[in-house]
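Please open the model in a viewer and keep the selection panel at hand.

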Number of protein chains: 2
Amino acid sequence: MDCDRITPEILALFIQAVGADAIFTNEESLEKYSHDETEDLRFYPEVVAKPSTPEQVAALLKLCNEYLIPVTPRGAGTGLSGGALPVNKGLVIAMERFNQILEIDEANLQATVQPGVITEVFMNAVAEKGLLYPVDPASKGSCFIGGNVAHGSGGPRVVKYGTIREYVLNLQVALPAGELIWTGANTLKYASGYNLTQLMIGSEGTLGIVTAIVVKLIPKPTHDVSMLASFPDNESACAAVSAIFRAGIIPSALEFMERTGVAWVMEHEGVVFDLKDDAQAFLLIEVDGNNPDMIFADCEKINTVLESFNCLDVLLADSAAQKEELWRMRRRMGVSVKSNSVYKEEDTVVKRAELPNLIRGIKEIGNRYGFESVCYGHAGDGNLHVNIIKGSMSDYDWKNKLNDGIREIFELTVKLGGTLSGEHGIGYVQKAFMPIKYSPVHFALWKGIKQVFDPHNILNPDKIF
Amino acid sequence: MDCDRITPEILALFIQAVGADAIFTNEESLEKYSHDETEDLRFYPEVVAKPSTPEQVAALLKLCNEYLIPVTPRGAGTGLSGGALPVNKGLVIAMERFNQILEIDEANLQATVQPGVITEVFMNAVAEKGLLYPVDPASKGSCFIGGNVAHGSGGPRVVKYGTIREYVLNLQVALPAGELIWTGANTLKYASGYNLTQLMIGSEGTLGIVTAIVVKLIPKPTHDVSMLASFPDNESACAAVSAIFRAGIIPSALEFMERTGVAWVMEHEGVVFDLKDDAQAFLLIEVDGNNPDMIFADCEKINTVLESFNCLDVLLADSAAQKEELWRMRRRMGVSVKSNSVYKEEDTVVKRAELPNLIRGIKEIGNRYGFESVCYGHAGDGNLHVNIIKGSMSDYDWKNKLNDGIREIFELTVKLGGTLSGEHGIGYVQKAFMPIKYSPVHFALWKGIKQVFDPHNILNPDKIF
């Protein structure tokens, strides 16, 4: 699809459908929607639409379906796998005007929210009513909840509370033929028909465009404590992870960070922390609940576990300021790595007891290919984000050899029983690696499902597979 | 499909694929597999196969796909929606020889289990290692975990721990063309490709046959307490349900029972309980955790909530024997209703705050049509099982008018924002009611997905839609 598809006649139909104030073709807009947070990739759309109602989204899809215009749905553009890149030009449908929390239903502990609401804005709104929506990716301050649905997002609290899959009850979806449906019911469970809600989650905008989201809420725990534990090496830290669960504790977060990552956040974000010379790896652990005594008892138990894994030091944070500082360290790590060097981020997930093997293998692969890596992530879920740093690698090797190294990382991940992407999605940049894990039978099923929803392949084409 | 399809030649191929000791055509076998627990429906298969390996299941499917033989997968036959009824004759594939727990992986808190393992057997096996698998339908003592996957099963503990959807990590599935695939990875989450694991869950054996199941386990809480609260009317009991959550408590079970149901269990199952004259409705509430003081504090809070909803009396059970007796009352209710009268069970689910409206409406519909009903279920999830009792209704009305009454119940459920079936599935008996909730667009998507997996429509045909 090299040529422009959107003729002046089609553009006029777009304008007729959503109004001139929702259609953008100026250079500045096309530039803004040409990239997301994925490396330095750029693909320019022909037109950007900013619809405001589900009906407008459906109308745009219907037109694109008729005229075979590629459509790229876009949330906040914080994705790390290129899912929002308009790689085939065409129309970007930007969902930023869907920015309303439509209802917080306290009697049923549910909320209905538009997909363009910033995740943290929503979390704060429900927290004001004593409720918790626990799906908080590191980018919660800027990402949209609709993008979280598209990627099946996780975040630090998955380890106790589950991914977004466990909170989404029902979705309003615009389909390519211009229909609007609700995938299920606003109930905590149902067993009627194939679960279209779950199928939409993680489908990366390739099956339909989500126009409203009903989520489950839970009572917000009244107390939490965070701890930062230092270890002399990555393996000790990773090995402690599964031992904590085995001791009968489910922390509300259990994050791993390598020393380099911590050092770079201190440098770039002004986080102050007494970084000991022999500390090479860290676990950031949060325990929550309604009873401070129980929480401290759990922290004590965790301490005992950590000691048997060579833990050097534990910093306990129970004031809001201390906790915020520790979590800022974790949340800003991706941004700091990015500020520091050209990099590529790969997302891996294994069974949590395989984490020491995974990280050891990644370093070994890096040694052979000549790249450094900064690893961090949701260790409690076995989910490790691998930031490959260009550093002193030559431009030639970065361009021509690195791909083989990344392939080896995913081959190792799969060999350890894991898979590509714990939560970032496959999008555009990981799809070449999918055959490492999945067979032609999987691809045939996926492509068959895609064909059912989107027979003309207009929705986010060339993503996932 | 009225005529027999399985010729002597095809039968010989079945025998060649799985061995003569796994193929049954005798009258006794055909009788046994002609019914499940759904009303008094009977449909006789032509042949029953009891394969022992995934490869045998795949080989049988491949043959049936080639010769267009309808296949009905069957677990323990405890289903209440007729999902295991061979309504088009053909082959029943009974999974009872898949009865091994293959691995309990304590380091990763995962287990791999065959689909023919009885749910309670599996729960007990993991409990011995201090672990919890919390998906416990009332039939846990006889149902298979594979059937639970097929129906997206719930049970009393969904309210705190979620349905089986939140525990299944990966599935081995035999597909109609004879392929065997793993749907995902043995990881706590992943975001790569459409989630085939979630699509298989609740698909009622219409997309593939599950041959192995990997589930997540969690640390088992060390303590729990059960309470039975009595109320003067259904509405008070149901209204108390959402108030409990609003007080910040997530009980580990929150079950509703009508007086008639309780009285019948006492009569049929010898459960002893001091049933007060003015008690018309009951909530069975369980709270679990690792700290007895916290649990009793939660019970106190719950008590306070109950008092403001006209609660007459609260019985607290903390000994194992007392708890077992209360839970036997709940679990044996379906069986007792069945012993007492010809009945039909319908499964409804609404937002939990709509429960009082739902139950009031059901009684009103019953009054108009002349039927009694015994309602009970997982009130914490808004999931109400409606047992319609034939009682003094004439055979003519039972056969000719009842269906309209049931339709009104589902219309009410949908009007209240709910849907058919919280956990029993649609199977054979509910499918006529599906258009009350779902549009032709839903049916087109479902049928399209079915076509992708099972192009010759051999797998459990005429179920769900």
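This is a predicted model: local features need pLDDT of at least 70, side-chain atom pairs count only at pLDDT 80 or more; totals for chains, interfaces and linings use all residues.

Residues are numbered from 1 along each chain as its sequence is written, chains are lettered from A and ligands numbered from 1 in the order in which they are written, and side-chain values use heavy atoms, with hydrogens and water left out.

**Select chain A.** Colour it by secondary structure: chain A contains 17 helices and 19 strands (DSSP runs numbered from the N terminus, helices being H or I of at least four residues and strands E of at least two). Along the principal axes, its C-alpha atoms fill a box of roughly 70 × 60 × 45 Å. Of the 465 residues of chain A, 62% count as buried (buried is under 20% relative accessible area, exposed over 50%, partly exposed in between, with a 1.4 Å probe and protein chains only).

**Select B:Lys160 and B:Asp288.** These two form a salt bridge, with the closest N and O atoms 2.6 Å apart (a salt bridge is a side-chain nitrogen of Lys or Arg within 4 Å of a carboxyl oxygen of Asp or Glu). The pair links distant parts of the chain, 128 residues apart: B:Lys160 is in helix α6 (residues 158-161) and B:Asp288 in strand β14 (residues 281-289) of chain B. B:Lys160 is partly exposed at 32%, whereas B:Asp288 is buried at 12% relative accessibility.

**Select B:Lys129 and B:Glu106.** Here the closest N and O atoms of the salt bridge are 3.8 Å apart. B:Lys129 lies in the loop between α4 (119-127) and β7 (131-132) of chain B, and B:Glu106 in the loop between β5 (101-105) and β6 (110-113), so the pair ties together parts that are 23 residues apart in sequence. B:Lys129 is partly exposed at 35% relative accessibility, and B:Glu106 is partly exposed at 31%.

**Select A:Glu106, A:Lys129 and B:Arg246.** A network of salt bridges links these residues. Over all chains, the structure holds 51 salt bridges.
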